Amino acid sequence: MTSPSTLLGPAPMEGRGVYNRSSTVQAAGLSPAVPLFERAARTVPLASAPETIVIADYGASEGRNSLVPMAVAIDCLRERVGRHRAISVVHTDVPGNDFNALFQVSDTDPDSYLRGDPATFASAVGRSFYQQILPSGDVTLGWSSWAVQWLSRMPAPIPDQVQIAYSHDPAARAAYSRQAAEDWQMFLVARGRELRPGGRLVVLTMALDDTGNFGYRPVLEAMYEALSGLADQGYVSADEMRRMAIPTVGRSRADLVAPFSENGRFADLSIERVDVFLSDDRIWCEFEHDRDATAFGARWAAFSRASVFPTLALGLDGGRDDPRAAAFIAKLEAATAARLAVAPERMVIPLGMIVLVKQPR
């Protein structure tokens, strides 16, 4: 039986471009972070030619939301080094990621950073970013969006929800808090090795707002109710439901800066900027325009299917290979959409972003 405890880094997606088609929420959240990445590309120290400039994209998923930040950074670098200097973009994600979709997008999308730039090269690494995955001192610019909220493993069952933020179980909450702190440090240590001296890393991730609110309450409650309904119908067993949880966390501003508290540095990294903000709910904006409650529910359910339902399906007795997996995901999507359509509500979407600099030893 495959369980979420075997995950290393961002969770497996459904594939076939599903995430690319249903990631408008993630795309909206990128807007404040992209200018920070642009500034990093304009100011980061560069090695002398002919050394290749390496940009690492940590947690790329199917690639759609990587196109804009990569293109912005490459345009800035081209202004500095000309059209012929080699630039390498390395997309990373877990081995189960749909890299076929990623390469198709980078090759054919009209917004691809590869179009018209024969000196820029794309590649991918299928390994968890909770370990070092690129050579030491190799990375000039790093980017990670909507990825480090995924824990390296599921630290404990969540007995009363699918997301730890809304659980009332103190043991589960403590386990998730410990794992979140450990994983953030592991991520930083690996990036501290991979970045060149002076290199920059921009991270965008799910966060907790100033009141400690993770957000997404309506969709998570609808999801849990839908899952409970499938258990009541006997479609999933009590044991299977007990294993189903989303191993993600929101980090507060204090959580993000905690490793740096002793002397302002951690793993040879220092903080250039850190912010927590509320992102726009694009799906709510669409509902305000069309007042279509059914479409509102369907859009949020599609977002959930693309981002987290494959992780929940790992709790089935047969894991991702369970013969019910596809039907389970479809049933969960339909039931979640129906519940959300009853009373549409704007989602609170807290995000954190941090810019890190590799300091010389």
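Hi everyone, let me start with the second largest pocket, which has a volume of about 270 Å³. This is a predicted model, where local features need pLDDT of at least 70 and side-chain atom pairs count only at pLDDT 80 or more, while totals for chains, interfaces and linings use all residues. Residues are numbered from 1 along each chain as its sequence is written, and side-chain values use heavy atoms, without hydrogens and water.

A word on terms: a pocket here is an open set of points on a 1 Å grid over the protein atoms alone, where a 1.4 Å probe fits, with protein on both sides within 12 Å along at least five of seven lines; lining residues have an atom within 4 Å of a point. Volume is the space filled by probe spheres set on the points, joined across faces, edges and corners.

So who lines that second pocket? There are 17 residues, with Arg-217, Pro-218, Glu-221, Leu-340 and Glu-345 nearest its centre. Helix H7 (217-232) gives the most, with five residues, and helices here are DSSP runs of H or I, at least four residues, numbered from the N terminus.

Now the largest pocket, at about 450 Å³. Its lining counts 21 residues, and Ser-177, Leu-208, Val-249, Gly-250 and Asp-255 lie nearest the centre. Helix H6 (residues 170-194) supplies the largest share, seven residues.

Last, the cysteines. Taking a disulfide as a pair of cysteine sulfur atoms within 2.5 Å, the count is zero. Cys-76 is buried, at 2% relative accessibility, whereas Cys-285 is partly exposed, at 38%; buried means under 20% relative accessible area, exposed over 50%, partly exposed in between, with a 1.4 Å probe and protein chains only. Thanks, everyone!

Note on methods:
Helix = DSSP H or I, 4+ residues; strand = E, 2+ residues; numbered from the N terminus.
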